[in-house]
Amino acid sequence: MIRENTLTAANNWTKPFVSEVAEVLNLLRENGYESAALVKLTGLSEGKLCDWTARYKREPDEISTIPSPCWCFLLGLVGHPNIQNN
């Protein structure tokens with residue numbers, strides 16, 4: 001479950017937990033996005049994407065290091081409305 005405070009504009013934004021980033025990444029993978037494609041689309045390293053996914057079970061409540069623009073982009077890819085425009 002993704003918390004509402006991670007779905008707000010940058011001035012009120014709370015960084016998502018590792019588990020929330022992993023949830024979005026897993027949804028994208030289920031919908032045909034491979035890690036290599038996500039690396040190209042976001043500019044994040046494949047290692048960072050794998051790190052968030054791997055830490056999901058060990059550290060689900062650890063705050064992720066995902067930048068706000070990348071979080072917004074990933075949410076957009078899974079069909080969430082633009083959170084910058086609320």
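Below are my entries, from the whole chain down to single residues.

**Entry 1: the model and its fold**

I noted at the start that this is a predicted model. I looked up the secondary structure next. The chain has four helices and zero strands. Reading along the sequence, I wrote the pattern down as α-α-α-α.

**Entry 2: size and surface**

Does the chain count as compact or extended, going by its radius of gyration? I looked up what a compact globule of 86 residues would have, and that is a radius near 12 Å. The chain has 12 Å, so the two agree. I also took the spans of the C-alpha trace along its principal axes, and they are about 30 × 25 × 20 Å.

Then I turned to burial. Of the 86 residues, 37% are buried. The accessible surface of the chain comes to about 4900 Å². Carbon and sulfur atoms own 53% of that surface.

I checked the contacts too. I took those with a separation of 6 or more, and 64% of them join residues 24 or more positions apart.

**Entry 3: charges and the salt bridge**

I counted 8 positive and 10 negative charges in the chain. Their mean positions are 5 Å apart.

How many salt bridges does the structure hold? I found one. The partners are Glu-20 and Arg-3, and their closest N and O atoms are 2.9 Å apart. Glu-20 sits in helix α1, residues 18-30, while Arg-3 sits in the segment before α1. The pair therefore ties together parts that are 17 residues apart in sequence.

Are the two partners buried or exposed? Glu-20 is buried, with a relative accessible area of 1%. Arg-3 is partly exposed, at 23%. The cut-off matters for this entry, because buried means under 20%.

**Entry 4: Ile-2**

I moved on to Ile-2, which also lies in the segment before α1. Its relative accessible area is 19%, so I put Ile-2 down as buried. I looked up its distance to Glu-20.

**Entry 5: helix α4**

An α-helix has 3.6 residues a turn, so residues three or four places apart point the same way.

After α4 comes Gly-79. I looked up its phi, which is positive, near 95°.

Leu-27 is in helix α1. I put it down as partly exposed, at 34% relative accessibility. From Leu-27 to Thr-6 is 21 residues along the chain, and their C-alpha atoms are separated by 17 Å.

Where is Tyr-33 placed? I found Tyr-33 in the loop between α1 and α2. Tyr-33 is partly exposed, with a relative accessible area of 27%. Beyond its neighbours within four places, Tyr-33 is in contact with Leu-28, Leu-38, Leu-41 and Leu-77. I then checked Leu-77 by distance. Tyr-33 and Leu-77 are 44 residues apart in sequence, yet 9.5 Å apart in space, C-alpha to C-alpha.

**Entry 6: Ser-35**

My last stop was Ser-35, in helix α2. Is Ser-35 buried or exposed? I noted a relative accessible area of 14%, so Ser-35 is buried. Setting aside neighbours within four places in sequence, its contacts are Arg-29, Glu-46 and Leu-49. I also looked up Asp-51. Ser-35 and Asp-51 are 16 residues apart in sequence, and their C-alpha atoms are 12 Å apart.

Notes
Residues are numbered from 1 along each chain as its sequence is written. This is a predicted model: local features need pLDDT of at least 70, side-chain atom pairs count only at pLDDT 80 or more; totals for chains, interfaces and linings use all residues. Side-chain values use heavy atoms; hydrogens and water are left out. Helices (H or I, at least four residues) and strands (E, at least two) are DSSP runs, numbered from the N terminus. The radius of gyration is taken over C-alpha atoms; the globule rule is 2.2 Å times the number of residues to the power 0.38. Buried means under 20% relative accessible area, exposed over 50%, partly exposed in between (1.4 Å probe, protein chains only). Contact means heavy atoms within 4.5 Å. Accessible areas come from the Shrake-Rupley method with a 1.4 Å probe; for residues, only the protein chains shown count as cover. Lys and Arg count as positive and Asp and Glu as negative; His and the chain ends are not counted. The place of a charge is taken as NZ of Lys, CZ of Arg, CG of Asp or CD of Glu. A salt bridge is a side-chain nitrogen of Lys or Arg within 4 Å of a carboxyl oxygen of Asp or Glu.
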